[in-house]
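Q: I am new to this structure. Can you show me how to read it, one feature at a time?

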Amino acid sequence: MIGEFEYLILSSAARLGTHAYGASIRSEIEQATGRRCSIGALYTTLDRLEAKGFVKTWMGEPTRERGGRSKRLVQVTATGVKEAGDFFRAISRISKGASWTTNRPTTR
Amino acid sequence: MDNEPADHSMSPRKSWPVVFWLSGFLGEAEREAVLGDLIESAESGGRAIANVLGLVVRRRMALLLDLRLWLALAFVVLPVSYLLCAIAQTTAGEGAVYSWMYLNNWDWALTRYPGFWYVLRETAVNFAITSLALACWSWSAGFLIGRFPNAVLQPSRNTFVVLLAASFLGDVPARFTQFWMYLHGLPLRPLPEMNAPITANVFYRVFFPWLVLAILVIWPAFAGIRQGNRSLLFGRKMRVVLATAPTISLLILLTQVPGFGLLLCAAFREWLWRNRYAAQVLPLLCCWPMCYLTAIIFGRYQQRKTAKANVNLVKEVKGEHQCSKL
């Protein structure tokens, strides 16, 4: 099963579609979690996901807003979609009845 | 995901040279993507440095855990740098003696004797062959390193240069010989300084050996690395041939290290002695890079010739087409 950060990357890449690349994925994760996402963590995890066959990455064309530098574009593969779906279902199942999902006060 | 410190203190103008320098430790494509991401997200100076540094550290740590790197260092880079250092030291020593003899002690009166010219010619040819063989071995070593996977290539190349320089500086081959003699209980008597007048000269003692190392070892090795990396584009059969050739060449290099005969069993030593002429021809095989480079140059020439012929043909066809229209 994939990890939490891997799930975040797969979800944001799937949401962004053809606009999924390093900076946009990072921005999505930061907005969703409210925490900083380092480039080191992002790129090493992307490599791991690519090695597992969950994403496909390639270098795009250079653009002006990036100082003439290329993007590393990301696309989630069918295996990646299945893994992310499995992770989501597992999280949903395990969260059922937990206080934060039912709005019950937390008990000790 | 990391919680990074909010560091906005460093201005981008000051920090970007550092970011560019740090990004040099990344692969070419990754550097391009990371710098582009930082520019697009208008990252502050300190944060940009922290991000790139973080990625570089992660990459280096991942590399240290890569078994391929350790195998490459243990079985290729370390032994090859030691062997090349030993041969380079011998070649530099010979070269220093001959240069000192002919350049520092030149006597016009000697030029009248035919014997002088005979010895000079023989010495020059011998030194040229030794130098060519060393350059070819270095090129072969580089070629083998150049065929390593990309992740392992850069650290292997850097370690190769560092090990060569360190072995040369620390006179590792001589120390290793002493250690070997100590292990086998042989007496460790200091050798008489035969070349004291030559080593008294700073140029021959300090600069000349480094010149030999730079010109006959490091430069050919770097050229070999470039060619080795390019050779990965060839077909499977050719790739096997091109992996075998430098390996055989470097095995022959092993036989050239002074004292190699002591490591062999008596029967094999005797066989070598009986077939010493064959053993003398063996180093010629190390000159395969000359054939390879000639074939590459010839192939490129043929490609250019064909391309030129095609362009001319297209022009002719176009000309005929226009004529028929008129």
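A: Start with one residue. Arg121(B) is exposed, because 10 other C-beta atoms lie within 10 Å. A residue is called buried if 20 or more other C-beta atoms lie within 10 Å of its own, exposed if 12 or fewer, and partly exposed in between, with C-beta atoms placed from the backbone. Arg121(B) sits in helix α5 of chain B. Before going on, note that this is a predicted model, in which local features need pLDDT of at least 70 and side-chain atom pairs count only at pLDDT 80 or more, while totals for chains, interfaces and linings use all residues. Residues are numbered from 1 along each chain as its sequence is written, and chains are lettered from A and ligands numbered from 1 in the order in which they are written.

Q: Is Val241(B) exposed or partly exposed?
A: Val241(B) counts as partly exposed because it has 13 C-beta neighbours inside 10 Å. Its place is helix α10 of chain B, residues 236-256. From Val241(B) to Asn229(B) is 12 residues in sequence and 15 Å in space, C-alpha to C-alpha.

Q: Which helices and strands does each chain have?
A: Helices (H or I, at least four residues) and strands (E, at least two) are DSSP runs, numbered from the N terminus. Chain A has 5 helices and 2 strands. Its order along the sequence is α-α-α-β-β-α-α. Chain B has 13 helices and 0 strands.

Q: How do I read the overall form of chain B?
A: A compact globule of 326 residues would come near 20 Å, but chain B has 27 Å. Its C-alpha atoms fill a box of roughly 75 × 75 × 50 Å along the principal axes. For chain A the box is roughly 55 × 30 × 20 Å.

Q: Where are the domains of chain B?
A: Domain bounds come from an automatic or database domain assignment. Domain 1 of chain B covers 12-64 and domain 2 covers 67-300. Their C-alpha centres lie 39 Å apart.

Q: How much of each chain is buried?
A: In chain A, buried residues make up 35% of 108 residues. In chain B, they make up 23% of 326.

Q: How many residues does each chain give to the contact between A and B?
A: Two residues are in contact if their C-beta atoms, placed from the backbone, lie within 7 Å. Chain A gives 22 residues and chain B gives 20. On the chain A side, α2 (22-33) and α3 (39-52) each give two or more residues. α3(A) gives the most, with 5.

Q: What covers the buried residues of α2(A)?
A: The cover includes α1 (4-16), α3 and β2 (72-76) of chain A, together with α2 (28-40) of chain B. Among the buried residues of α2(A) are Ala23(A), Ile25(A) and Ile29(A).

Q: What is a nonpolar core?
A: In soluble globular proteins, nonpolar side chains tend to be buried together. Here a nonpolar core is a set of buried Ala, Val, Leu, Ile, Met, Phe, Trp, Tyr and Cys residues joined through C-beta atoms within 7 Å. The largest has 38 residues, and Leu84(B), Ala88(B) and Trp137(B) have the most contacts inside it. Elements that give two or more residues to this core are α4 (67-104), α5 (114-146), α6 (150-169), α9 (202-230) and α10 of chain B. α4(B) gives the most, with 13.

Q: Which residues does Ala88(B) touch?
A: Leaving out residues up to four places away in sequence, Ala88(B) touches Leu134(B), Val212(B), Leu213(B), Leu216(B) and Val217(B). Apart from this core lies another, of 33 residues, including Leu10(A), Leu46(A), Ala33(B) and Ala48(B).

Methods: Rg over C-alpha atoms; globule rule 2.2 N^0.38 Å.
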